[in-house]
Amino acid sequence: MTVATSPSALYAARTDPGPLRVTQVSYEADRVISIRLEHPEGRELSAWSPGAHLDLQLPSGLIRQYSLCGDPTDRTSYTFAVLLEEDGRGGSAELHSLPLVGRTLTVRALRNHFQLGDSPSYLLVAGGIGVTPMIPMVRRLAAGSAPWSLLYLGRTRTGMAFSRELRALGGRSVQIFPRDEVDRLDIDAAIAATGPDTAVYCCGPDALMNAVAEACASVVPPRALHTERFAAGSTPTPDQPTSVRERTGFTVTLRRSGAELVVPPDRSILDVVRDVMPDVSYSCEEGYCGSCETRVLSGIPDHADDILTPQEREANDTMMICVSRSRADNIVLDL
């Protein structure tokens, strides 16, 4: 079972902070830097909660998503971390190569698809750079009374960013598993050892995410699983569709603009919408970042993203227009 924030809450949490200045860049681990943003005029920034991420427009125009890893009580800055991915899509290489301090970057939106909800107990599982959204979660949990633990997996200790900070915050509740030093963590055993009311939060590589999802689904009763992906999943998590239905054409009505567009079988809704709205928000085009999430006013989406839960799919309040389609001849969107 996968659990996440309701669509209405996701929309309420969105803000558009605008241009912010880079005031600090720090080395955090091998190939990992952290970047701190502040308002150019020193103004207070919009509030955020653990699990939130930025939609950041890079100097090249690329838009990328980065989890906030600072302190949510600090309204003077946003901090995020970037892993240099040699075979990535170019965003991390750009940020690692530029002289950033003093440069202005535009934050297009602030979203949270990975909110830390109320639970009697928590298990956090992080792999590599997937630890970043866990840091503010650890801050909150360490200050509370509910039992919790963090399992942090990585290839090498030198490549595991923020491990010292996490240990300082959480003490023995934080367990570090560098692959070059310790045996591989038994994910099935770790999930089986949790109580039935434990909420599991996981972020990291696709293989880890799938292993945790399978382990949560296999125990009785299944554990409530909350996930966030930084790439499209290669294997569907429990209760997610393996693919969209057979592609057929349909029309999409944009309520605010009044446009009615034809979406052929070989094009996405996003492709067609961009023909008339070039500035529509999008980034990954694979259904995992949430940038193109759009409110559905009428019709039934054929969901194919890695974000919405089964409950959210049943509600049909929003959809990711980069990958999802329509089950009917027409769908009406709040655009």
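This is a short walk through the structure, stop by stop, with something to select at each one.

Before you click, know that the model is predicted: local features need pLDDT of at least 70, side-chain atom pairs count only at pLDDT 80 or more, and totals for chains, interfaces and linings use all residues. Residues are numbered from 1 along each chain as its sequence is written, and side-chain values use heavy atoms, with hydrogens and water left out.

**The antiparallel sheet.** Start with the open sheet of 6 strands, in the order β4-β3-β6-β1-β2-β5, with antiparallel pairing. Strands here are DSSP runs of E with at least two residues, helices are runs of H or I with at least four, and both are numbered from the N terminus. Two strands pair if DSSP finds at least two bridges between them. Now pick β1 (residues 18-29) and β6 (residues 104-111), which run antiparallel and are joined by 4 bridges. Zoom in on Gly18, whose bridge partner in β6 is Val107.

**The parallel sheet.** Next comes an open sheet of 5 strands, ordered β9-β8-β7-β10-β11, with parallel pairing. Its edge strands, β9 and β11 (224-228), each pair on one side only. Select β8 (residues 148-154) and follow the 5 bridges that join it to β9, the two running parallel. Tyr152 has Ile176 in β9 as its bridge partner.

Most residues other than glycine have a negative phi, and most peptide bonds are trans. Which way does phi go at Phe162? Click and see: phi there is positive, about 70°, although Phe162 is not a glycine. You'll find Phe162 in the loop between β8 and α4 (163-170). Then jump to Val220 and Pro221, joined by a cis peptide bond with omega about -5°. Pro221 lies in the loop between α6 (206-218) and β11.

**An arginine gathering.** Finish by showing the side chains of Arg31, Arg155, Arg179 and Arg184, which gather in a patch of positive charge on the surface. Such a patch takes residues with over 30% relative accessible area and no salt bridge, like charges being joined within 9 Å. The areas use the Shrake-Rupley method with a 1.4 Å probe, and a salt bridge is a side-chain nitrogen of Lys or Arg within 4 Å of a carboxyl oxygen of Asp or Glu. Of these residues, Arg179 is in the loop between β9 (174-178) and α5 (187-192).

How values were computed. Patches are made of residues with over 30% relative accessible area and no salt bridge: like charges are joined within 9 Å, nonpolar side chains (Val, Leu, Ile, Met, Phe, Trp, Tyr) within 5 Å. Lys and Arg count as positive and Asp and Glu as negative; His and the chain ends are not counted. The place of a charge is taken as NZ of Lys, CZ of Arg, CG of Asp or CD of Glu.
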